[in-house]
Structures are given as structure tokens and as C-alpha cells.
Amino acid sequence: MECCGGKKIKSRFIDEDVDLSLLDNILSEYKNVKGSLITILQQAQEIYGYLPLSVLDYVANETKVKSSKVYGVATFYTQFKLNPVGENLIMLCDGTACHVNGADKIQEAIYEELNIHDGETTEDKLFTLNIVACLGCCSLSPVMMINDETYGNLTSKKTKDIIRDKKSKALAKEAK
Amino acid sequence: MKVVVGLGSCGIAAGANKVYDLIKEEIESKNLDIDLEKAGCVGSCHLEPIVDFYDENSHLERCIKVSPDKVLELLYKALNNELKEEASLISEEDKKAQNKQVKIATENCGYINPEDINDYISTEGYSGLKKVLSSMTQEDVIEQVKIAGLRGRGGAGCPTWFKWEAAYKEKATPKYIICNADEGDPGAFMDRSILEGDPHRVLEGMIIGGYAIGAKEGIIYVRAEYPLAIKRLKIAIEQARESGYLGKNILNLNFDFDIRIKAGAGAFVCGEETALIASLEGKRGMPRLKPPFPAQKGFWNKPTNINNVETFANVPWIFKHSASDYAKLGSEGSKGTKVFALTGKIKKGGLVEVPMGMPLREIIYDIGGGIKEDKQFKAVQMGGPSGGCIPVELIDTPIDYESVSKAGAIMGSGGMVVIDESACMVEMAKFFLSFTRKESCGKCVHCRLGTKRMLEILERITEGKGLEGDIEKLEQLAIDIQNGSLCQLGITAPNPVLSMIKNFRSEFEAHISEKKCPAHVCKSLITYEINKNCTGCTICARNCPVDAISGVLKGKHEIDKEICIKCGKCYDVCKFEAVTVD
């Protein structure tokens, strides 16, 4: 990222030191297959949990795709995260059905419990909140997903209970 | 005995995995003579988790809302034929709602094991493909799809035969066939349900389509947010290869075809054909000008045909039965059935599949059971962020492509979100527009900035800062965006706003002129008060997050409007209807 906006862009993202050699298997499989940039980034994100800028640069170098293009793709799609996310990724659905069934109240409950808005991570790095368009479980609205588990028919109280439960489990794990 | 547990995403969210595991453990530990199977979603998501018990004579007893603590009791009742009086059995009313439907695309969903190709074959699956490959030319196949009158189920309703013929006539090779499973419409989930419940049907449709246009490769572009659908598709593709339905020389009938999956990375605009192709090529998913159409220059500039999941899911039926049988279903210009995702303020939400042309009223009241809490029905929003709403006056509209667009909405992919009296239509318009603004890819200025300007106007209207002339400004901006955008995302982005203005203009005017929100939704335009019903129970004061409520025990309470943040908590918790909102 050394072109015009390079420095400014860098300041917006946390770039932790990551082991780039973890990418080598993916790159050797895909770097010569045309059109596989998105697949490479998806698999890279699976390794690191997000896409550090150094990874984007490395992918650009290895695949000979311009780094502006790699960055362009990484910022275009909502799946890609350029900053680390918390241990528990809350995806709160605000699709039409959830919206009319009170997703805003659930968002409030999450804020009251964790003090985070859309896109933010708690200080203890336990939770990140992402508000998403539709999880496709409309008949259980309002719905949220935490990591791979879906929770439906939410109320403010139910939401807080679920989060507290996750929190105490995470703290217990840490204590061990 | 056979036991089938519905394990679609909705069932799993309702706890069906636990139910399945408990039955499995019991069978294993007690050595019971029971076949336990998984299935997709039968469509009645409001009844999940659903467990089907089949006795020796294949007689079905369906139990609904089966909780983990109830399931073993039911299992033993079923084993002893004692389910008859069971309260968990599906009600006659719910059965009737199922029977009113005609299922083609979702006929197997909830009945067969999506992870076992033999289950699909036992329903005469892949028989359509056999017929096609052994006895029909490419032209025959396209002709049959034309006779059936199948139209694209993804939104625009383009005749499927027309697209197939265009791709077939192109000389360039290789050709590609793509299944658009990037279902992004908030409020629509039929594609997910079909992929999770009956993936082989989609594969069969794609293979037939591939044969018709002369393609050797198929790609399914599926949302990454649908992990279960991806998993089941992978299993299905693997099994189809092993059984000779995919790969070289399919069924020894001299046709090569294979399918691979590509997980999308989350962008609504990728539902647009040319954007989807760009994304498949590893680029930002931005649409381009048409023509050339994908049929001429698509994936890697080669002839490409793209259909949506539900469209492909209809194809096997046409060849298993006949094109003329298919054409008997539905209305004049819209043949066959359509799957709708019935959600929002509806009692019995879920997927329904009905013949085209069924009046909206029957779908909402006879199948959907009416409005939640028996509130007043206000409108149905169809077509998601590209669509519009059908107001209560038009509730007898027959639901087919032409009638729906005449009523001011679009069929879209089939999202049907029911809105009741408690919704503010200005806020709804804002909701849809904020979605399209976020999802605009940014290529066309009118779409990128026009939606932002419209959103700003809507925001100020809901904040009580609306100005005279704002409605006209919105209308003008809408026309500009429609004229200045390249793809359907931009062209249709203003539709929800225009439709809300057309049908609910007085609500917009009340916000602007009287600074009132008739539905009591927009916080800046409402005030909470406590009336003489107050018994002084103090529950409101204890729940107020900003301590805006004062009063003594057993005395009337008051809300300090200066401090009140209008969160509505007091209104929700009051048991005496003492909190009023205006």
C-alpha cells in the first residue's frame, strides 16, 4: 500500500505481526489459477480471523495482482474484515422481517450489555458486533448469530442472558 | 419405524440439533429399531422444531415445537402407537395451510434426506435428466421449457427458454451455466431452503440447462452466509459424481458436465448478472453495461447463462412430468408455482409455495393465519429493496408477475413481508433506502450519491425537520437515479420510497407539516405521558434507564420530557395502560 493514500489507509487498521508462511499452501494452489483472488482472501481470513494489511501486500506480491486491486476487493465485500474481531462475533440481523419485529430493541440491549455499536469490538476483545442484512431465518425474527450458532425469537432479556452466558463461559475458560 | 427431524437453518436455530442428538443417543443406547433421518425445512418455520414419525405402514404423524425435554416421551408414544391424543401433533388448521399449497420447487424439502442421493432418486429424481439425455435434442429441451412457460424466479421474470436459446445459439466455446444462489434480498430465504433441503434438484436443473445450451461446466455462486447450504451442496455434488450424474459421459449418454461451488463474499449487487460474473472472476462485483449480454459475453467473455436457484429447481419437474402439465398451473402470463417467504407481522411465518395467481388475501389469511396479535393489516412489502408495497385496499390482487407490478410492487425473489398498523411507512422507506445506499457499488454517481441524498431527506423527515417540498424532491431524485443508473440495483433503488409515497402520502405529510408520526415510531415526533390509570406501582420508574420518571408508591407518576429519551420501556412494562404515546 505505498500509493497516494497509503499512509492514511494504514493508520485506520491494526496490523499485527502475523506469520505469512501460513499462506504458502493456499498461494501455491491458487496463485496461477486466474480469477481466484477472492478464494485466496477467504482462505487467508480463515487462518488469521481477519485480513491484516501485511497479508494483503503479501498476496499482491505473490499473485502479481496490483496491491490496489487486492485492497479494492478486500474492502468491497462485507465478508472481509481488515481489523481483528472479538472471540465472539455477533451478527445481528436487520433484514426486513427482523426490522419490523424489533431488531432495534435487540441492538439497544446489546449496547446496554456490551457498550458496542455496529462494527465495534469490546475492550476485552470478547465481542464484536456486526449488523447484517439478512441471515435467512426470517420466521424466527428477530435473529442473531454468534459465531456459528443462530438464536431466534429474541427479546431484550433473552439477548442479555445469551451474552452473559457467553461472557461467563469465556471468562471461565480464561481462568483455566 | 422411521423418524425424520427437520434440520434446516431455521429448525437448527429453534433447537432441532439437540432434539436430533437426543433421539440418536436413545436409539443407540437402547438399541431401538428406528431409522433416524435428517431433512430440510418443510416451510412451516413457525412450528420448528418439527419431528415426523412414520409407522410401519408409512403413516405420518407430525409433531411440532418439539422441545428437547419432550422428545423422548414423544418417541416412546410413537413406538407404542399412542400419539393420537398428543398435544404436540400438528393442528388441523396447520395441516390445511399446508394442503392449500402446490409444491414443485420445494416438493421434497422436509421429506427427503438432502445428504443422501438415493432419497432424491427414490422420488424419481434425475429421471427428467435421463429423459433429456436419452431422447431429446437441445432444441427440444428449450422448446419444452418454452411450452412450460417457466420464467426466472430471481426477480425480473425473464422467460427461461429465451435466455437458454440465446446462449445455445452462440458459437463460441466453452460455454458456462451459472446458478445464482447469492440470495441477498432481506426477507427472502427460499433459495437457502431449497439448497439445504433438496440440493440434487438444483443440480439436475443445472445439468439439463447445461445440456440445452451446450455447456460443460456449471458454477454455483452461493452466499458465504449460508454455510449449511454450501456443506449440503458439496455432499450432493460428490454423490452425483459417484453415481454418474456429473462428470464425463453422464449416464453413458455421451454428455460431459461438471459443477463447482464458489462462495460469494457478501455484496448484494452480485445478484446482478454482470456483477456476479465480475465477482466470479475475482474482481470487485461491479456491474457493466448490457449489451453484450452474458449469453454473448459472460464469464471470461464466453457465452454464459445465469438462472436463479428456484428457477433451476423447477426444471426437473417439467421433464419428469410434462411441460403442458406445468403450464396448466398458474395464470395467463405466469405459469407454475412460486415460493414466497412469508414473514414480518404474520402469525404463521415460513415458506409457502402456491400456484401463480393466488390472491394475496388467501396467502396471508388462509395460509399465513392472519396478522400477529390480530392487529390491523397495513401492507405487504414485496420485492425487497427493489420492490414496493401492496396496501390493504389491494389485498385481493392475484399474485403473478403482471398483477403485482400493476399493484406497484414487483415479484422479486418472493420476499413477502407483512406490515401492520404499528409500522411507520416513512421509517420503512428509510430502512430500504439505507440498505440500497450501503449496497450501491459506487460505480454510477446517481446511485451512489442520489440514494445518499434521498436518505438524508428521509432522515430529516423522521427527525421532525422535514421541509415543505421534500416529497417532491424525493420524487425528482428518484427519477434522476432511475435514469442515471446502469444496473437494476440503482434503477430500482427508489421503488420502495415511491411506492410508500404513492400509497401512504398522508403519513409523509403528517411528519412534515404536523410534525407527527401517526404510527408512533419516529422518536423525535412522539411524547410519552402517564395518565390517570396510573396506580403508582413504580415499575416504570424502576425500568427507566435515565431516571426520567418520578412519583411515590401508590401515587401518580410523571415523566420529565426534558430527560426522557423515548425508549418506550415504560410503555412496554406498564400493566395498567397508564403510559400513553402521542
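Predicted model: local features only at pLDDT ≥ 70, side-chain atom pairs only at ≥ 80, totals over all residues.

Me: What do "buried" and "strand" stand for here?

Reply: Buried means under 20% relative accessible area, exposed means over 50%, and partly exposed lies in between (1.4 Å probe, protein chains only). Helices (H or I, at least four residues) and strands (E, at least two) are DSSP runs, numbered from the N terminus. In our case, strand 5 covers residues 176-181 of chain B, and because 6 of its 6 residues are buried, it is largely enclosed by the rest of the structure.

Me: Which strands pair with strand 5 of chain B, and in what sense?

Reply: Two strands pair if DSSP finds at least two bridges between them. Strand 5 of chain B runs parallel to strand 6 (residues 217-222) of chain B, with 6 bridges. Across that pairing, B:C179 has B:I220 as its bridge partner. Strand 5 of chain B is also parallel to strand 8 of chain B, joined by 5 bridges, and there B:N180 stands opposite B:N308.

Me: Where can I see an antiparallel pairing?

Reply: Look at strand 11 of chain B, which pairs with strand 13 (residues 415-420) of chain B in the antiparallel sense over 5 bridges. In that pairing, B:A379 faces B:I419 of strand 13. Strand 11 of chain B also runs antiparallel to strand 12 (residues 388-391) of chain B, with 4 bridges, and B:M382 stands opposite B:G388 in strand 12. The hairpin of strands 11 and 12 of chain B has 5 residues between the strands, and B:G383 takes a positive phi near 85° in it.

Me: Why is strand 11 of chain B largely enclosed by the rest of the structure?

Reply: Count its buried residues: strand 11 (residues 377-382) of chain B has 6 of 6 buried, so the rest of the structure largely encloses it. You can count in a helix too: helix 9 (residues 190-197) of chain B is mostly covered, with 8 of its 8 residues buried. Among them are B:M190, B:I194 and B:G197.

**Rings and charges**

Me: How do I read contacts between rings?

Reply: Rings of Phe, Tyr and Trp (its six-membered ring) pair if their centres lie within 6.5 Å; planes under 30 degrees apart count as stacked, over 60 as edge-to-face and the rest as tilted. Over all chains, the structure holds 13 aromatic pairs. One of them joins B:F255 and B:F257, which are stacked at 5.9 Å centre to centre with 15° between the planes. B:F255 is buried at a relative accessible area of 7%, and B:F257 is buried at 1%. In chain A, A:F76, A:Y77 and A:F80 form one aromatic cluster.

Me: What about a charge over a ring?

Reply: That applies if NZ of Lys or CZ of Arg is within 6 Å of the ring centre and within 35 degrees of the ring normal. Here the charged end of B:R151 sits over the ring of B:Y401, 4.2 Å from its centre. Likewise, B:K338 has its charged end over the ring of B:F340, 5.7 Å from the centre.

**Chain A as a whole**

Me: How many helices and strands are there in chain A?

Reply: Chain A has 8 helices and 4 strands. Along the sequence, their pattern is α-α-α-α-α-β-α-α-β-β-β-α. The C-alpha trace of chain A spans about 50 × 40 × 30 Å along its principal axes, and 51% of the 176 residues of chain A count as buried.

How values were computed:
Residues numbered from 1 in each chain as written. Chains lettered and ligands numbered in written order. Heavy atoms only, no water.
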